[in-house]
Amino acid sequence: MDRFVITGPCRLSGAVRASGAKNAALPALAACLLTDEPVRLARVPQVRDIHTFLRLLAHLGVGHQDAEGELLLTPCGARRSADEAPYEVVKTMRASVLVLGPLLARHGHARVSLPGGCAIGVRPIDQHLAGLEALGAEVRLEHGYVDASAPRLRGARFRFAVPTVTGTENLLMAAVLARGQTVLENCALEPEVEDLAALLTAMGARIAGVGTPTLVIEGVESLGAARHEVVADRIEGGTYLIAGAMTGGDVTLVDTRPADLAPLIAKLAETGARVEVGERSIRVQGSGRLRASDLTTAPHPGFPTDLQAQFLALLTQAEGESAVCETVFENRFQHVPELNRMGAEIRVEGNTAHVHGGTPLSGARVMATDLRASACLVLAGLAAEGETVVDRIYHLDRGYEQMEIKLHRLGGRVERTASTS
Ligand code: EPZ
């Protein structure tokens, strides 16, 4: 198992380009199950979750190959199973549930292992299932699997009880091949949902209301070939901007969509960091004396929960008292005890972390517990005095492409080593 050895403190500076968004590339891969035609995807991040999803697609009869740096996905004859996503795959990656809608829409049947609990919360999929039932599917839960069938899905009106990201994506992919019109209400507004709608539209789907809480989908008989560039990863990009501000550095995120990071830009400015927004770039200069700031996570366009841990690390270095309220997931403060081991002063009460900022951090051996918590610990290591060792960075590799190399280019001293113990 790899670990990161980080020598701090450092002052990051330079330009960095985010990879394509993991959380947009995953539904884009699932959408390939909706057609017999080739789909070509550009800016697909080389991260572990993508590799896992490609293995699942191969299992379901969709092959892939590299095409001049882009990913070409085509149906391949050899199917080990036409419509089942097995436990072995789903247990390693909850996002596998994204094959449910497309398989059902395309084959009239899908059998997908029910995702279990996860480090950050219970994360039920009741809204995915209720939505598919509204479109006429018969859904049974048995032996740890969701078994859903429908000769052909039919258009309907469905309102999500919560604006769920993958729930919206699953229903969108189910509705594009359903008979008639579907109206989805209280949909998630995340940029990754919009990106999926752009791909489906390029494949021939008819979707209105993109970017609003209400999506109206006219079902079509079939979908065709398309080429699509995956949107820039706002969470990866935001992580580097926070690192720049936290280390008193000067970091420019290039080739990105600043509007997708509006909540972060506002919060960084509130802490006193200098933020310059260009057409496709964001430059952050740390002031060296950051100010405390309260934060509440919320579905987009609120502050993303996937940047909460990284921003909390920054607030440990901001003078004053900050309150960080996590409203999306019920167990997303596992990075706090590790930050406190590095010298931070954070107290968690219910869904709020109270940060007494401005205490110096010192390097320590820490353990990553999930994807974004591991990024938070890397940022803390960059600002800490001395050596920090972050174990279990396999969590990080799920969603950050070559993080140590990108940090190196910004002047960070981060080494990946294989752990012997
Ligand atoms: C997506 O997860 C992302 N994953 C998560 O990113 C991200 O944290 C999350 O959206 C919120 O932004 C992918 O896109 C692959 P939700 P998802 O359904 O879709 C409740 C990362 O770090 N809910 O929007 O699973 C749920 O429990 C990951 O990259 C129900 O109650 O999240 C949660 O409290 C972590 N019933 C809230 O809604 C449902 O059927 C939002 O969850 C579905 C969700």
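Predicted model: local features only at pLDDT ≥ 70, side-chain atom pairs only at ≥ 80, totals over all residues.
Guide: Residues are numbered from 1 along each chain as its sequence is written, and side-chain values use heavy atoms, with hydrogens and water left out.

Visitor: How many residues surround the ligand?
Guide: The closest include Asp126, Thr164 and Asp306. By class, the shell has six charged, six polar and ten nonpolar residues. The number surrounding the ligand is 22.

Visitor: Which helix gives the most to the shell around the ligand?
Guide: Helices are DSSP runs (H or I, at least four residues), numbered from the N terminus. H1 (22–31), H5 (126–134), H6 (165–175) and H12 each supply at least two shell residues. With three residues, the one that gives the most is H5.

Visitor: How far from an oxygen atom of the ligand does a backbone N or O atom of Val328 lie?
Guide: A polar contact is a pair of N or O atoms within 3.5 Å. A polar side-chain atom of Thr164 lies 2.6 Å from a ligand oxygen, and a polar backbone atom of Val165 is 2.8 Å from one. For the backbone atom of Val328, the distance is 2.6 Å.

Visitor: How many residues of H12 are buried?
Guide: Buried means under 20% relative accessible area (1.4 Å probe, protein chains only). Helix H12 spans residues 371–383 and is mostly covered. Its buried residues number 13 of 13.

Note on methods
Buried < 20%, exposed > 50% of the residue type's maximum accessible area, 1.4 Å probe, protein only. Near = heavy atom within 4 Å. Polar contact = N/O pair within 3.5 Å; in protein donor to acceptor, adjacent residues only side chain to side chain. Nonpolar A, V, L, I, M, F, W, Y, C, P; charged D, E, K, R; others polar.
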